[in-house]
Amino acid sequence: MSNVSSNSTESSLQGRGRAIGVPKRCWCGEGIISLISKSDSNPYRRYYRCQFAVANKLRNDEHTFKWVDEAFVNEIDTLNAKNADLEKQLKEIRTERFEFEKMVYEKMEKEIFEKVEDGLSEAKASHKKIMIVLVFFCMIMIGLTKLLG
Ligand SMILES: [Zn+2]
């Protein structure tokens with residue numbers, strides 16, 4: 001049974017070092033197939049192998065070789081790491097959003113406060129005008145009564 005990955009968008013940038021997770025492609029450009037070990041030390045243990053190495057029956061070469069169980073453990077580790085990363089990012093986004101909202105609220109509060117103050121001083125100014133008009137009117141009335149009286 002072979003399980004050839006058809007994901008051709010995956011590049012072979014992983015280099016000759018041990019790839020992390022389930023290998024998609026060997027560094028040589030060949031695909032990966034999964035085989036079952038017949039060795040005495042690892043009987044029936046599944047592994048991933050470079051197709052080229054299998055076709056040419058290579059041994060002790062640098063082409064991809066990886067135990068399936070180890071690859072899965074790797075994959076889970078990678079996923080866990082990604083998860084932790086995502087959680088961290090989410091937390092950062094939340095903090096950023098909180099900071100942003102706080103900023104907006106503070107700005108709004110300040111603007112409202114300023115507007116209220118403006119309104120108050122405007123009201124005070126018009127109140128003053130009315131007072132001046134009233135004082136003049138009273139003075140005229142007093143003058144008139146004195147003139148008439
Ligand atoms: Zn290879």
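1. Of the contacts in the chain with a separation of 6 or more, 39% are between residues 24 or more positions apart. Contact here means heavy atoms within 4.5 Å. This is a predicted model, in which local features need pLDDT of at least 70, side-chain atom pairs count only at pLDDT 80 or more, and totals for chains, interfaces and linings use all residues. Residues are numbered from 1 along each chain as its sequence is written, and side-chain values use heavy atoms, with hydrogens and water left out.

2. The chain has two helices and three strands, in the order β-β-α-β-α along the sequence. Helices (H or I, at least four residues) and strands (E, at least two) are DSSP runs, numbered from the N terminus.

3. Of the 149 residues, 14% count as buried. Buried means under 20% relative accessible area, exposed over 50%, and partly exposed in between (1.4 Å probe, protein chains only).

4. Which residues make up the largest nonpolar core? The eight are Val22, Cys26, Ile32, Tyr48, Cys50, Ala53, Val68 and Ala71. β2 and α2 (68-148) each supply at least two residues of this core. A nonpolar core is a set of buried Ala, Val, Leu, Ile, Met, Phe, Trp, Tyr and Cys residues joined through side-chain atoms within 4.5 Å. In soluble globular proteins, nonpolar side chains tend to be buried together. Leaving aside neighbours within four places in sequence, Cys50 is in contact with residues including Cys26, Ile32 and His63.

5. Not counting residues up to four places away in sequence, Arg49 touches Ile33, Val54 and Phe65, among others.

6. Most residues other than glycine have a negative phi. Tyr44, not a glycine, has a positive phi of about 60°; Tyr44 lies in the loop between β1 (32-36) and β2 (46-50). Asn60, in the loop between α1 (51-55) and β3 (65-67), has a positive phi near 50°. Tyr44 is exposed because its relative accessibility is 72%, and Asn60 is exposed at 83%.
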